[in-house]
Amino acid sequence: MKDDPMEIAELKTELERLHSASFGWALSCCRRDRSDAEEVLQTVYLKIFEGKARFRGESSLKTWLFAVIRKTAATEYRRKLLRTLRLAPETETPPDQIATHEHPASTLERSEEQVYFQRALRTLPRRQREALHLVFYEDLSLREAADVMGVSIGSARQHYERGKRHLRESLSQMEVGYGINWGRKENPSAV
Amino acid sequence: MESIGDEKRIRALFSEVRFADEQAAPSFTATWHRAQSRALRPRRAFNLSFVTATALLILAMGGLAVWSRYTQPGDMKAVAATAAANFSVKISTQLDEPREDPEISNAAVNAQRRLRTPVRSQALNVARNRQAEQQAKQLANWQSPTSSLLASPSDNLFKSLPQLNENANEMKSFLPNRSNDKEK
């Protein structure tokens, strides 16, 4: 990849086009930790720059890039976990719980429903969360989502359906306490 | 109908998140340049754990080499010392006799010293052979302490063959008369 500047220039343009979507996906893979997502994205670009990650045209560029991001995030997560366990056993908290370093202002700006939604998303298993993110956030088909997740389409569909059901259930439980109309049937006759 | 409404709602919530993320995303150029600078940065040549493991391995191998070097000659010395102790009198008489002669020259002493090594090795060989012979004799003469318990007065019956002809003759008187049966 380094030897061919034209190819890397072309790739760079494509990466720039997909950058915000890639960042969103990296955020999802890093449990909404912004600094981790940035680090992962940098590592991914570095891998591409050094030719360690090579696009061979076997799938779409977006699918390939997302698969690389997912794999890199998993590796970084494992490394971080190992470092935490090795260096500071007394502060043993899995990075999953340390994660969300969101700016308080941005949290306040969000609607109440959005906050509950984020909370519900966090309770989902990783695969289900990934399937929902790829389909709803990135507008990928189930086939593409399966490619990114490295699973069969049937498995991806199962994760997607279960994720949707779990999300609906958790949001319904939350609405009981806060009176948010989730899953309300549209009633045109109502005034 | 409800599920379609749910999907729409989920999609709307996700698009809200996407919008917020797009606003907060770092610029591509900055990220790309940081990645490039990381690529150009000289990396640490060795991994710390790898270095530690290699150092430990080298130390272990060095220790083993030193240990093997200093233990093997020691064993040989011990064998030589025991053998030499057995024949010290004989060797000393053989070797020390010329020394007692005051007229003997230095050249003769050197020559005897040169001879000392084959003589000593020969003596060691003799000692080893003798020891081996003694061990062989001891092994040949060895008897189990419980062997006497296996002996019994009826050993002859078990060790000798039975005389079958005599027994058959004795048994004839007890057998029914077959010729009489056929006549009937």
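Accessible areas here come from the Shrake-Rupley method with a 1.4 Å probe, and for residues only the protein chains shown count as cover. This is a predicted model, in which local features need pLDDT of at least 70, side-chain atom pairs count only at pLDDT 80 or more, and totals for chains, interfaces and linings use all residues. Residues are numbered from 1 along each chain as its sequence is written, chains are lettered from A and ligands numbered from 1 in the order in which they are written, and side-chain values use heavy atoms, without hydrogens and water.

**Stop 1: chain B**

Select chain B. Color by secondary structure. Chain B has 9 helices and 0 strands; helices (H or I, at least four residues) and strands (E, at least two) are DSSP runs, numbered from the N terminus. Along the sequence the pattern reads α-α-α-α-α-α-α-α-α. Of the 184 residues in chain B, 12% are buried. Buried means under 20% relative accessible area, exposed over 50%, and partly exposed in between (1.4 Å probe, protein chains only).

**Stop 2: chain A**

Switch to chain A. Here there are 10 helices and 0 strands, in the order α-α-α-α-α-α-α-α-α-α. This chain has 191 residues, and 44% of them count as buried. The accessible surface of chain A is about 10,700 Å², with 50% belonging to carbon and sulfur atoms. Now consider its contacts (heavy atoms within 4.5 Å). Among those in chain A with a separation of 6 or more, 64% join residues 24 or more positions apart.

**Stop 3: the loop between α2 and α3**

Stay in chain A and select A:Arg31. This residue sits in the loop between α2 (19-29) and α3 (34-50). Check its backbone: phi is positive, about 55°, although A:Arg31 is not a glycine. Most residues other than glycine have a negative phi. Is A:Arg31 buried or exposed? A:Arg31 counts as buried because its relative accessibility is 12%.

Step to A:Arg32, in the loop between α2 and α3 of chain A. A:Arg32 has a positive phi of about 65° and is not a glycine. A:Arg32 is buried too, at 13% relative accessible area.

**Stop 4: α8 and α9 of chain A**

Select residues 126-137 (α8) and 142-149 (α9) of chain A; their axes come within 9 Å and cross at roughly 135°. Axes are lines fitted to C-alpha atoms, for helices over the stretch in contact, and angles run from 0 to 180 degrees between N-to-C directions. The two helices are therefore oblique to each other. Angles under 35 degrees count as roughly parallel, over 145 as roughly antiparallel, 65 to 115 as roughly perpendicular and the rest as oblique.

Show the side chains. From α8(A), the contact includes A:Arg127 and A:Leu134; from α9(A), it includes A:Leu142 and A:Met149. By class, the contact residues are 7 nonpolar, no polar and 2 charged. Ala, Val, Leu, Ile, Met, Phe, Trp, Tyr, Cys and Pro count as nonpolar, Asp, Glu, Lys and Arg as charged, and the others, Gly among them, as polar.

**Stop 5: where A meets B**

Which residues meet? On α3(A), they include A:Tyr45 and A:Phe49; on α2(B), B:Phe28 and B:Trp32 are among them. This contact has 8 nonpolar, 4 polar and 5 charged residues.
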